[in-house]
Amino acid sequence: MGDRFSELRSYIASLERVVVCFSGGLDSTVLMHICKEELGDGAIPIYVSVPMETQRTVAMVRDISDHLGFDTVVRHMDDRISGIILQNTKERCYLCKKAMYSEAIDLAYDLGIGYVLCGDNADDDESDRPGMKAGKELSIQSPFRKFGIGRKDIESYIDGLALPFPMVKDTCLLTRIPIGTEADETLMESIERMESCIRDIAGIAQIRARVNGDTVGLQTSESELETLLAHLPEIDNVCKMEGFGTEVIRTSYKG
């Protein structure tokens, strides 16, 4: 792992100035930290705020930026493209990433910077991540993939940072809604409220409340399943208040 990170650092140093697509997740945090160490003020993080993000994500972007000293540029996704993405078609991830990367490219152009970097890592499966297609089309650089740096390497690096707060592993709220079901602010707020209440009631870190009609399927990690089930009567009440019945649909999940 050491050699790969050394090669990565040398490569980033050679770029001199970069715009980094920063989301507050593990991958982009590590990438931005390395870019900041190698390039100082020549590393510019950009965070594109979207209507389908969780408030935990917003808070994590702020906390990491403050703690690690990133002066993050915040842009808001255009309402027109947001409306198209919220139609929730199978192209949602591709369209979203293309819009985000376009914002980063615009910033790089305005600043006279020739490189835009993202945190895709060597373990990311292109067939399962439509947004990677957008990155290739727009010539977004993926340094972790270039040097074979995967998820375990990144998690180890994060551990070494000894952050005073836990990293939030959260994902776009559209992943809780079946493709083809149009999303709106009311539905997404309901999903986020349920997940927040369930975390508080059960004391678990990972929960996904996936809606399907008038039912919400609850997913958590294998290690937290027993805890979730122990609090199911209380959780049922929370979901009923939001207009849903509940079921535990499986114990592991993506996104």
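A crossing of two helices is right-handed if the near helix is turned clockwise from the far one by less than a right angle, and left-handed if anticlockwise. I kept that beside me while looking through this predicted model.

**Entry 1: helix 9 and helix 11**

I started with helix 9 (residues 185-202) and helix 11 (residues 232-241), whose axes come within 10 Å and cross at roughly 160°. Angles over 145 degrees count as roughly antiparallel, so I noted helix 9 as roughly antiparallel to helix 11. Their crossing is right-handed. Next I looked up who touches whom: Met194, Cys197, Ile198 and Ile201 of helix 9 meet Glu234, Ile235, Val238 and Cys239 of helix 11. By class I have 7 nonpolar residues, no polar ones and 1 charged in this contact.

**Entry 2: helix 1 and helix 2**

Then I turned to helix 1 (residues 2-15) and helix 2 (residues 26-39), with axes that come within 9 Å and cross at roughly 60°. That angle makes helix 1 oblique to helix 2. This crossing is right-handed too. On the helix 1 side I found Phe5, Leu8, Arg9, Ile12 and Ala13, and on the helix 2 side Val30, Leu31, Ile34, Cys35, Glu37, Glu38 and Leu39. I sorted these contact residues into 9 nonpolar, no polar and 3 charged.

**Entry 3: the second largest pocket**

Last, I checked the second largest pocket, which has a volume of about 150 Å³. Which element gives the most to its lining? Helix 9 does, with 4 residues. The lining includes Pro51, Glu53, Leu86, Asp184, Met188 and Glu192. I wrote down 4 nonpolar, 1 polar and 5 charged residues for the lining.

Conventions
Residues numbered from 1 in each chain as written. Predicted model: local features only at pLDDT ≥ 70, side-chain atom pairs only at ≥ 80, totals over all residues. Heavy atoms only, no water. Axes fitted to C-alpha atoms, helices over the stretch in contact; angles between N-to-C directions. Helix = DSSP H or I, 4+ residues; strand = E, 2+ residues; numbered from the N terminus. Parallel < 35°, antiparallel > 145°, perpendicular 65-115°, else oblique. Contact = heavy atoms within 4.5 Å. Nonpolar A, V, L, I, M, F, W, Y, C, P; charged D, E, K, R; others polar. 1 Å grid on protein atoms, 1.4 Å probe; cavity = no way out; pocket = protein on both sides within 12 Å on 5 of 7 lines; lining within 4 Å. Points joined across faces, edges and corners; volume = space filled by probe spheres on them.
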